[in-house]
Amino acid sequence: MKKIATTLVAALCMGGSALAAAPEPLQSSYADIGSQWEFKLGWESFKGMELDEADDLEGWTAGAELVFPFMDRFQLRLSYPFKTDAEAVVKDDQPMQQGESIDVEGYGGVFDFLTLTFEHQLVFAEDRGYNLSYYVGGGRVPDRLDTTKRDIKMANEMDPFNHTGMVFMGGVKFDRVHAFGQLIANLGLRYYTDSDDLHPGADDSFPALDAKVGAVFAPWGRVHPAVELTYLGDFSDLNQFSLVPQLLLPYGDMTFKAGAEIGLGGNGNELGAVLQASFRF
């Protein structure tokens with residue numbers, strides 16, 4: 001306990017430099033901009049998700065992210081969900097195959113697109129005791145999700161999901177060291193436009209609040225326990241609430257992360273696993 005207390009006091013004194021060296025949780029990211037490039041490779045499973053034309057989506061998505069800081073207070077973040085493999089059940093309001101199980105597979109994500117984000121840190125812990133930054137970005141569907149759902153207009157063709165659309169996003173990030181560990185919060189807004197087969201309410205263009213809050217606690221030996229609460233939705237037809245308990249293991253310039261995503265209601269992921277490895281260089 002004495003060692004942990006000493007570490008926390010040192011972190012409070014060092015402010016942003018301590019945060020830069022600490023492991024980030026799985027879903028949210030620090031406002032503090034570090035000095036090293038970072039590459040992340042992740043995998044997450046899901047079940048029970050609802051889309052426009054299908055329900056009970058169950059499967060997994062793999063993705064990668066590259067973060068490159070510059071000029072001490074700026075950074076770019078390139079995110080790429082490169083593979084999804086799942087199955088779902090056609091909704092009862094569809095003209096064909098109601099209640100049938102279909103395959104959903106492709107080189108893209110579900111609600112996550114290929115995006116490029118610009119981040120700018122405005123406040124530093126060395127000056128104010130906390131870090132604060134903002135971000136703006138956007139992107140588009142990298143590739144369609146092929147399905148075994150038949151296209152009503154062309155009976156011999158399959159109806160792809162999520163094959164069009166763009167997303168624009170912006171928000172703020174905050175982090176601060178406390179006695180228990182580190183508090184982190186991200187609050188943003190996404191706007192999806194010209195999307196297809198995505199929104200449960202059948203809207204092609206729609207806004208979605210993207211909110212995450214979490215804490216990374218003092219380590220148990222080498223492992224940091226952490227927890228996050230996330231929400232993506234419009235408080236109407238799209239509501240994805242999740243609790244994500246997790247363990248973070250830093251090892252030199254690498255960090256290995258594992259967690260469980262537990263749905264708290266709505267129509268998002270009911271239960272899934274999240275794995276990630278990050279490498280700084």
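This is a predicted model: local features need pLDDT of at least 70, side-chain atom pairs count only at pLDDT 80 or more; totals for chains, interfaces and linings use all residues.
Student: How many salt bridges does the structure hold?

Tutor: There are 14 salt bridges. Take Arg-280 and Glu-38: their closest N and O atoms are 3.6 Å apart. Arg-280 sits in strand E14 (residues 271-280) and Glu-38 in strand E1 (residues 38-49).

Student: Is Glu-38 buried or exposed?

Tutor: Buried means under 20% relative accessible area. Glu-38 has 6%, so it is buried. Arg-280 is partly exposed, because its relative accessibility is 23%.

Student: Which residue forms a salt bridge with Glu-119?

Tutor: Arg-77 does, with the closest N and O atoms 2.6 Å apart. A network of salt bridges links Glu-24, Lys-40, Glu-65, Arg-77, Glu-119 and Lys-173.

Student: What does Lys-83 pair with in a salt bridge?

Tutor: Its partner is Glu-105, and their closest N and O atoms are 2.9 Å apart. Glu-105 lies in strand E4 (residues 101-106) and Lys-83 in strand E3, so parts 22 residues apart in sequence are tied together. Lys-83 is buried at 15% relative accessible area. Glu-105 counts as partly exposed at 37%.

Student: Over which ring does Lys-83 lie?

Tutor: Lys-83 lies over the face of Tyr-107, at 4.6 Å from the ring centre. Lys-173 is another case: its charged end sits over the ring of Tyr-135, 5.4 Å from the centre.

Student: How should I read a pair of aromatic rings?

Tutor: Such a pair is described by the distance of the centres and the angle of the planes. A search of the whole structure finds 11 aromatic pairs. In one of them, Phe-74 and Phe-118, the ring centres are 5.8 Å apart and the planes are at 25°, so the pair is stacked. Phe-74 is in strand E3 and Phe-118 in strand E5, 44 residues apart. Phe-74 is buried at 18% relative accessibility, whereas Phe-118 is partly exposed at 27%.

Student: How are the rings of Tyr-80 and Phe-82 arranged?

Tutor: Their centres are 6.0 Å apart and their planes are at 55°, so this pair is tilted. Tyr-80 is partly exposed, with a relative accessible area of 35%. Phe-82 is partly exposed at 28%. Elsewhere, ring pairs link Trp-37, Phe-68 and Phe-281 into a cluster.

Student: And the nonpolar side chains?

Tutor: In soluble globular proteins, nonpolar side chains tend to be buried together. Here the largest nonpolar core has 23 residues. Leu-57, Val-104, Val-110, Phe-111, Tyr-192 and Leu-198 touch the most other members.

Student: Which elements give two or more residues to this core?

Tutor: They are E1, strand E2 (54-70), E3, E4 and strand E10 (206-217). The largest share, three residues, comes from E3.

Student: What does Phe-111 touch, not counting residues up to four places away in sequence?

Tutor: Its contacts include Met-49, Leu-51, Tyr-192, Leu-198, Leu-232 and Leu-238. Glu-50, Arg-190 and Gln-240 are also among them.

Student: Which residues does the second, separate core include?

Tutor: That core has six residues, among them Ala-22, Tyr-30, Ala-226 and Leu-248.

Conventions:
Residues are numbered from 1 along each chain as its sequence is written. Side-chain values use heavy atoms; hydrogens and water are left out. A salt bridge is a side-chain nitrogen of Lys or Arg within 4 Å of a carboxyl oxygen of Asp or Glu. Helices (H or I, at least four residues) and strands (E, at least two) are DSSP runs, numbered from the N terminus. Buried means under 20% relative accessible area, exposed over 50%, partly exposed in between (1.4 Å probe, protein chains only). A nonpolar core is a set of buried Ala, Val, Leu, Ile, Met, Phe, Trp, Tyr and Cys residues joined through side-chain atoms within 4.5 Å. Contact means heavy atoms within 4.5 Å. Rings of Phe, Tyr and Trp (its six-membered ring) pair if their centres lie within 6.5 Å; planes under 30 degrees apart count as stacked, over 60 as edge-to-face and the rest as tilted. A charge sits over a ring if NZ of Lys or CZ of Arg is within 6 Å of the ring centre and within 35 degrees of the ring normal.
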